[in-house]
Amino acid sequence: MEQAMTNSVGFPILSTLIFLPVAGAALLLLIDRGKEELIKWVSLGVSIITFLVSLLLFTNFDKTTHLMQFTEKRAWIPAWNVNYSLGLDGISVLFVLLSTLITILCVLISWNSVKTRFKEFFISLLVLEGAMIGVFCALDFMLFYIFWEAMLIPMYLLIGVWGGPNRIYAAVKFFLYTLVGSVLMLVGIIVLYFYAGRTFDILELMTKPYPIHMQLLLFWAFFAAFAVKVPMFPVHTWLPDAHTEAPTAGSVVLAAVLIKMGAYGFLRFSMPILPEATKAMTPVMIGLSVIAIIYGGVICLAQTDLKRLIAYSSVSHMGFVTLGIFALNTQGMEGGILQMINHGIVTGALFLSVGAIYDRTHTRQIADYGGVASVMPVYATMFMVFTFAAIGLPATNGFVGEFLIILGGFAASQLAGVLSATGIIIGAGYMLWLYQRVFFMEINPKMSGLSDIDAREIMALLPMVILIFWIGIYPDTFLGYMHASVGHLLERVNTGSGQAVATARDVMEILK
Amino acid sequence: MQFVMPNLVPVMPEIALTVLTLCILMADLFIKRKETIALMSVISVGVVAYLLVGSLGTTFNGMYVSDGYSTFFKLIFIVNVILTVLISVKYIEVEKVNFGEYYILILFATLGMMLMASAGDLIILYLGLELMALSTYVLAGFIRYDTKSNEAAMKYFLLGAFASAFLLYGTSMIYGLTGTTDIKAISAYIVQHGLASNPVLTLSMILFGVAFSFKIAAVPFHMWTPDAYEGAPTSITAFMSVGPKAAGFAVLGRVFMVAFGSVKVEWAAFLVPIAILTMALGNIVALSQTNIKRMLAYSSIAHAGYMLLGIIAGTTDGMASVLNYMLIYGFMNMGAFAVVIMLRSEGFKGDNISDYQGLSKTHPVAAALMLVFMFSLTGIPPTAGFMGKFYIFMSAINAGYAWLVIVAVIFSAISAYFYLRIVMYMYMKEPKETVQLSTSPGLGLALAITAAAVLLIGILPSVVVNSAKIAVVGF
């Protein structure tokens with residue numbers, strides 16, 4: 001069975017994408033720390049070039065196949081049969097694009113808001129970008145784990161060095177939570193490695209049948225890593241602290257990309273490698289997702305801190321995502337993946353916006369705001385678009401994602417569908433109330449005299465607005481990337497392990 | 001009667017080291033500049049390394065074994081000596097103990113370690129262990145005017161003497177039981193006479209276990225470690241944390257895997273709780289340390305716990321993973337101590353964790369290096385520490401100890417807290433006072449070597465892993 005296609009671009013594009021930012025970071029190392037402008041421009045240049053290169057993925061991607069594309073494979077540690085193996089399919093390709101886009105915006109938004117140690121900041125950001133892309137491209141479990149863990153170092157520094165007043169607590173909490181989850185996954189990976197005959201090759205691992213009791217143990221080992229990252233209830237408590245205390249760029253990367261890795265992990269590893277366990281655990285996962293949707297939403301209503309509110313809304317939104325993917329049907333899963341991209345765009349945009357106003361007011365307390373709409377009209381308009389997208393109004397991307405998820409959720413469980421729909425109502429409640437308290441009502445005297453957002457900030461926010469409407473009005477541009485891969489994954493999960501998949505495929509061939 | 005000259009090739013590196021060290025001892029009388037002695041020490045271990053290559057073989061009727069296993073350990077000892085000398089040159093000047101004997105004792109200790117690694121007989125093992133231990137006791141108390149250093153030496157000596165007594169007791173029991181002290185012959189005797197559940201055998205294994213646990217600083221025989229590490233000159237702490245520990249693992253592996261290889265179940269039964277206790281105590285007590293040397297002492301206890309997992313696995317893969325880890329641990333721990341030494345300057349001790357406050361602002365390069373070593377000690381990729389732990393965990397899981405590995409990874413995650421605390425102090429706090437770094441070319445070179453090794457092995461571990469695998473072939 002041919003598992004992977006060759007590279008259609010002609011050069012190792014994925015390695016380029018991973019190591020371009022890392023090379024950029026190395027370049028920054030050589031620049032004298034006094035030359036702040038140069039450091040900023042080099043970072044911006046590197047992130048833009050990386051994004052432009054990644055656009056080749058968008059145009060050259062073959063949507064008709066579930067096979068891995070742009071693949072690269074090289075022996076890395078032969079003693080353990082570890083390969084440097086990269087590739088993308090319909091599930092991962094959009095995340096790479098999201099990562100490269102978000103990094104540009106992070107560089108832009110940090111232009112003036114980072115006051116100290118520019119050099120270290122941009123080095124961390126670029127290294128982080130490389131590791132994030134690596135996570136989505138890795139086709140070797142060991143390689144994946146290395147990127148997954150390596151990412152912790154720059155993120156820890158971003159939160160801890162440039163964060164808010166309570167940053168050290170938040171950074172340590174973030175690090176320890178994710179590390180504990182990850183190391184349990186590591187044990188699972190090694191167990192799987194020996195059982196499957198000493199291989200870390202994900203595509204090979206997917207084809208083997210495993211006994212059900214082992215699948216269940218491994219499922220929970222992987223759950224430890226992925227659920228913390230998502231974060232699913234009840235291991236979400238690091239998220240509000242980390243998102244709130246991180247600098248704007250850190251919050252944006254966390255919200256837009258990092259927490260997607262958890263859900264991506266479920267899709268890439270838990271489901272295809274452990275299909276029987278996934279099916280058996282679906283009720284639990286759906287239950288936890290619904291709790292996250294409602295609990296996250298209700299908590300948002302009680303928040304007094306802007307960033308903390310958006311952070312908790314992530315818990316609720318990621319609940320939708322996990323509900324969608326564990327509905328185990330096409331609508332739910334495609335909705336879930338699309339909603340991950342949406343959430344990346346919308347929450348990323350919300351954090352960017354909050355960062356923009358925080359640079360002016362230096363307060364995150366909702367009570368300190370009021371009447372901002374009359375002082376900063378352009379900003380208020382943009383923020384309104386993001387609010388509507390977060391609520392999921394039609395014509396915005398949030399609508400498409402949540403609609404698909406709830407469709408899928410209903411098909412999987414009526415109760416889950418109904419309960420998750422109430423989550424949308426709660427979502428509308430806290431977002432509109434937030435908008436009202438910040439932008440309308442009496443002008444808070446502290447808010448008078450604020451300058452509206454400048455061209456640089458508009459540049460950072462405008463791509464988000466465009467994407468929100470693009471996905472909202474014509475989602476098929478993006479859904480089209482997923483059909484083949486999602487179909488293949490569902491086939492694997494719903495028909496069980498390797499043998500069954502092969503039979504089903506033979507039947508399909510005959511029918512054709 | 002004709003005297004047959006034994007084959008001296010396998011023992012040539014040790015003979016060379018003995019002769020060269022004695023020459024240096026003589027030369028020390030005439031040479032005023034102690035840097036020359038340092039240079040001579042490095043050259044002599046270089047000669048030893050050169051001789052190691054062709055030294056494979058067994059001699060003195062199997063009492064002395066030079067195989068891949070011993071050669072790998074000897075390379076670790078040589079790296080250890082070179083790095084120790086490099087970080088010492090300036091440091092012992094600052095501490096005002098710039099004597100030639102310092103280097104000579106290091107060389108003699110290393111000679112002892114090399115004997116241990118090659119011991120095919122329990123008597124040779126004991127000889128090597130004593131030579132190493134006695135030299136290290138003196139080194140620990142090398143700062144004569146410092147009471148803490150004296151205390152370190154005293155404590156290390158008293159408890160070390162106990163350990164030696166245990167070792168002798170175990171040896172005598174084994175001799176009583178099997179009538180031999182030859183490691184291979186013991187193994188054969190146990191198999192032939194079906195001594196698997198013999199209580200005397202079990203007791204002597206426990207006694208060996210106790211003696212070796214002292215040397216590798218495993219709980220509950222670790223009591224000397226924090227005080228000895230804190231009080232000893234920092235360069236000697238670095239030396240002790242790698243060399244004697246590696247030598248301890250060398251004999252632990254040799255005796256338990258070869259002599260007691262047939263009764264693995266028996267000794268694994270008491271090494272498992274020792275490993276768990278070692279990881280638990282090392283990592284948990286390290287959380288509350290305020291002195292970085294003490295913290296690194298507890299960290300070195302914890303690392304002994306991880307390495308015990310490789311021994312417990314009881315496979316050649318397990319042994320290879322211990323060799324691999326020991327080498328990596330040597331680099332990262334030496335690197336960390338090199339940074340600690342850099343902070344020590346005239347009139348400033350610099351061994352409190354709070355001294356690292358804001359280091360990234362005042363000395364960004366030193367802070368960045370320390371960051372690399374701390375993440376490596378935690379075991380975060382892409383550093384060598386991760387590859388080391390990964391291999392150990394892999395071999396333990398393959399041997400059926402998945403549950404033990406889960407315990408290990410949990411403690412490994414806990415360890416992140418205290419290693420990251422150093423990073424946190426360096427990067428996330430404002431500097432209190434300006435710390436003067438005492439840099440020197442030697443120290444710089446040591447840092448460059450260790451940092452490069454930690455990153456290179458982290459990214460391309462194949463060379464080291466393959467060497468470790470080859471080293472244990474036929475073991």
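**A walk through a two-chain model**

Let's start at one glycine: Gly398(A) counts as buried because it has 30 C-beta neighbours inside 10 Å. Buried here means 20 or more other C-beta atoms within 10 Å of a residue's own, while 12 or fewer makes it exposed and anything in between partly exposed, with C-beta atoms placed from the backbone. Keep in mind that this is a predicted model, where local features need pLDDT of at least 70, side-chain atom pairs count only at pLDDT 80 or more, and totals for chains, interfaces and linings use all residues. Residues are numbered from 1 along each chain as its sequence is written, with chains lettered from A and ligands numbered from 1 in the order in which they are written.

Back to the glycine. Gly398(A) sits in helix α18 (residues 397–412) of chain A; helices are DSSP runs (H or I, at least four residues), as strands are (E, at least two), numbered from the N terminus. Leaving aside neighbours within four places in sequence, Gly398(A) is in contact with Asn342(A), Val346(A), Ala389(A), Ala390(A), Ile391(A) and Gly392(A), contact being C-beta atoms, placed from the backbone, within 7 Å. His317(A) is 81 residues away from Gly398(A) along the chain, yet their C-alpha atoms are separated by 9.9 Å.

Now over to chain B. Its average pLDDT (the predictor's confidence in each residue, from 0 to 100) is 91, and 100% of its residues score at least 70. For the model, ipTM is 0.91 and pTM is 0.91.

Have a look at helix α9 (residues 224–231) of chain B: seven of its eight residues are buried, so this helix is largely enclosed by the rest of the structure. Among the buried ones are Trp224(B), Tyr229(B) and Glu230(B). What do they pack against? The buried residues of α9(B) pack against α5 (122–140), α6 (147–178), α10 (234–259) and α12 (292–313) of chain B.

Next, the largest nonpolar core, which has 399 residues. Such a core is a set of buried Ala, Val, Leu, Ile, Met, Phe, Trp, Tyr and Cys residues joined through C-beta atoms within 7 Å. Helix α13 (residues 316–343) of chain B gives the most to this core, with 20 residues. Met370(B) is one of the residues with the most contacts inside the core; not counting residues up to four places away in sequence, Met370(B) touches Ala336(B), Val339(B), Ile422(B) and Met426(B).

Finally, the two chains meet through 25 residues from chain B and 25 residues from chain A. On the chain B side, α17(B) gives the most, with 12 residues.
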